[in-house]
Amino acid sequence: MLLYGLLWITFSFGLGLLAIGFFGYPANSFSVQSVLREDLLGFLAAFGAALAMARLERRHVDVYGLPRERAFGKLFWQGLFLGLVEVTGLIGLIAAFGGYSFGSVSMHGLDVARWGGLWFVAFVAVGLSEEYLFRGYTQYTLARGIGFWPAAIVLSVLFGAVHLWNPGEDYVGAAGVVATGLLFAFTLRRTGNLWLAVGWHASFDFGETFLYSVPDSGSLFEHHLSNAALHGPAWLTGGTVGPEGSVFSFLTMGILAIAVHFLFPATKTKPDQK
């Protein structure tokens, strides 16, 4: 784990320098270009470190959660659907209690396709980066030492703690991120790989940021679909965190965890997971 961490830091630093050399410093950290760049580099660093460890440990890199023959296959698209169901259900519950209004549309015509497409690609990069870093090599290796669920708890708490660096995040929102990490670990346990979680992660963030135009983990990004507004107490809307900090977020996650239990029954062996 320590060597993997050192390799990840080294690759992150090297790729960051290359990106600055070719493209300069990002002008706006809340832009789609900045998110795409940061998370694509983050995924490449995490995957590169895992590839190096696979060579050292004489394993195939696919065992760390992203089997390449299943890349963007059925599980990924199922994850996209579940993510949209979750975010739509969450926003719908908040709206039903008077906490959300869509507002006026902020873009039209080709701009909708342009920015929507860019945000979708950016959030696929976010899903790949965050899922692979917290539930890829790290989950596989730590689980071999202390067990799957203790490893998932440790890494999900770390996942939530990292989000506290976001400008509008708070402890309730971070607790929601921890719960999200455990939910995605559950999908890993049931499916044997991370492709469902990657699609789910991407579409939920896309729904929050672009489709429903609300803060995502404490950050309100530019070029979203509408001039939406959240209004009401923080327990309802999530406050500065956004819907992830709403009490309804825990409810929707619980319901979908039950759905995963029935949609992806437990089996004795998993081809992609040890």
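Leaving aside its neighbours within four places in sequence, which residues is Gly42 in contact with? Select Gly42 and look around it. Gly42 is in contact with Trp8 and Ser129, where contact means heavy atoms within 4.5 Å.

Before going on, note two points about the model. This is a predicted model, in which local features need pLDDT of at least 70, side-chain atom pairs count only at pLDDT 80 or more, and totals for chains, interfaces and linings use all residues. Residues are numbered from 1 along each chain as its sequence is written, and side-chain values use heavy atoms, with hydrogens and water left out.

**Stop 1: Gly42 and helix H2**

Stay on Gly42. It sits in helix H2. Helices (H or I, at least four residues) and strands (E, at least two) are DSSP runs, numbered from the N terminus. Gly42 is buried, with a relative accessible area of 17%. Buried means under 20% relative accessible area, exposed over 50%, and partly exposed in between (1.4 Å probe, protein chains only). Gly42 and Ser129 are 87 residues apart in sequence, yet their C-alpha atoms are 5.5 Å apart in space.

Next, select the whole of H2, residues 32–57. The expected span of a helix is 1.5 Å times one less than its number of residues. Colour the buried residues of H2, including Val32, Asp39, Phe43, Ala46 and Met53. What covers these buried residues? The cover includes H1, H4 and helix H5 (137–146). Step past the end of H2 to Arg58, whose phi is positive, near 55 degrees.

**Stop 2: the cores**

A nonpolar core is a set of buried Ala, Val, Leu, Ile, Met, Phe, Trp, Tyr and Cys residues joined through side-chain atoms within 4.5 Å. In soluble globular proteins, nonpolar side chains tend to be buried together. How many residues does the largest nonpolar core have here? It has 54. Select Tyr4, Tyr64, Leu66, Trp119, Tyr132 and Trp200, the residues with the most contacts inside this core. Then select helix H4 (residues 110–135), which gives the largest share of the core, 10 residues.

Zoom in on Tyr4. Leaving aside its neighbours within four places in sequence, Tyr4 is in contact with Ala46, Ala49, Ala50, Met53, Leu133, Tyr137 and Thr138. A second, separate core has 10 residues, among them Tyr100, Val214, Leu236 and Phe248.

**Stop 3: a nonpolar patch**

Select Leu2, Leu3, Leu6 and Leu56, which make a nonpolar surface patch of about 430 Å². Patches are made of residues with over 30% relative accessible area and no salt bridge; like charges are joined within 9 Å, and nonpolar side chains (Val, Leu, Ile, Met, Phe, Trp, Tyr) within 5 Å. Accessible areas come from the Shrake-Rupley method with a 1.4 Å probe, and for residues only the protein chains shown count as cover. Helix H1 (residues 2–23) gives the most to the patch, with three residues. Leu6 lies in H1 and is partly exposed, with a relative accessible area of 48%.

**Stop 4: salt bridges**

A salt bridge is a side-chain nitrogen of Lys or Arg within 4 Å of a carboxyl oxygen of Asp or Glu. A search of the whole structure finds three.

- Select Glu57 and Arg59: their closest N and O atoms are 2.6 Å apart. Glu57 is partly exposed at 25%, and Arg59 is partly exposed at 26%.
- Select Asp62 and Arg68: the closest N and O atoms are 3.0 Å apart. Asp62 is buried, at 13%.
- Select Glu131 and Arg135: the closest N and O atoms are 2.7 Å apart. Because they are four residues apart in helix H4, about one helical turn separates Glu131 and Arg135. Are they buried or exposed? Glu131 and Arg135 are both buried.

**Stop 5: His201**

Select His201 in helix H8. At 6% relative accessibility, His201 counts as buried. Leaving aside its neighbours within four places in sequence, His201 is in contact with Val126, Gly127, Glu130, Glu131, Phe159 and Phe184. Glu131 is the salt-bridge partner of Arg135.

**Stop 6**

Finish in the loop between helix H8 (195–211) and strand E2 (229–230), where you find Ser213. The phi of Ser213 is positive, near 60 degrees, and Ser213 is buried at 4%. His223 lies in the loop between H8 and E2. Its phi is positive too, near 55 degrees, but His223 is partly exposed, at 31%.
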